[in-house]
Amino acid sequence: MKDQGRSTRKRTGGRLKPLDKKKKHELGREPTETQVGEPRYRTTDARGRNSKIRALTTDVANVTSDGETVNATIQDVLENGANPNYARRNIITKGAIIVTDEGKARVTSRPGQTGQVNAVLLDDE
């Protein structure tokens, strides 16, 4: 999330001068908003010597049920608690409920951070 900093104005309406410049640790990026589609990935630098693999689009999920994990194809995003518009736009985030060929599943990973979709099968069918 981007750090927007403090207000540029006082309570009285007067202008405030900046105290300091932006620091490296205050760096933020736009959210990835992983969509359903042909798999595409992007690698970005992270703090330290680390890097993150961001899933821009994906149609594969690792679905776990009763301790067994299988690869499943994502067909649709049914519901997304992060934002109601995300379900309409087929955007996958952590906590989203997706429809796979194995059944409905809840996403437990963060595809925009880890590059993969891990999900747990729901038994409300």
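Reply: Happy to! One thing to keep in mind is that this is a predicted model.

Me: Okay. Which strands make up the barrel, and in what order?

Reply: The barrel is closed and has five strands, in the order S4-S5-S7-S8-S9, with mixed pairing. From one strand to the next, the twist averages 50°.

Me: How do S4 and S9 pair, parallel or antiparallel?

Reply: S4 and S9 are parallel, with three bridges between them. Within that part of the model, Val63 sits opposite Ala119 in S9.

Me: And the largest nonpolar core, how many residues does it have?

Reply: It has 14 residues. Among those with the most contacts inside it are Val63, Ile74, Ile98 and Val117. At least two residues of this core come from each of S4 (60–65), S5 (68–79), S8 (103–107) and S9 (118–121).

Me: Which strand gives the largest share?

Reply: That would be S5, with three residues.

Me: New topic: S2 and S3. How many bridges join them?

Reply: Six bridges, and the two strands run antiparallel. Arg42 stands opposite Arg54 in S3.

Me: Where does Thr57 lie?

Reply: Thr57 is part of strand S3, which covers residues 51–58.

Me: Is Thr57 buried or exposed, and why do you say so?

Reply: Thr57 counts as buried because its relative accessible area is 12%, and the cut-off for buried is under 20%.

Me: So what is around it?

Reply: Setting aside neighbours within four places in sequence, Thr57 is in contact with Thr34, Gln35, Gly37, Glu38, Pro39 and Arg40. For Glu38, the side chain of Thr57 reaches its backbone oxygen at 2.4 Å.

Me: Last one: what about Gly81, buried or exposed?

Reply: Gly81 is exposed because its relative accessible area is 72%, and exposed means over 50%. You'll find Gly81 in the loop between S5 and helix H1 (84–88). Its C-alpha atom is 8.9 Å from that of Lys94, and the two residues are 13 apart along the chain.

Me: Great, thanks!

Notes:
Residues numbered from 1 in each chain as written. Predicted model: local features only at pLDDT ≥ 70, side-chain atom pairs only at ≥ 80, totals over all residues. Heavy atoms only, no water. Helix = DSSP H or I, 4+ residues; strand = E, 2+ residues; numbered from the N terminus. Buried < 20%, exposed > 50% of the residue type's maximum accessible area, 1.4 Å probe, protein only. Polar contact = N/O pair within 3.5 Å; in protein donor to acceptor, adjacent residues only side chain to side chain. Contact = heavy atoms within 4.5 Å. Core = buried A, V, L, I, M, F, W, Y, C linked by side-chain atoms within 4.5 Å. Pairing = 2+ DSSP bridges. Axes fitted to C-alpha atoms, helices over the stretch in contact; angles between N-to-C directions.
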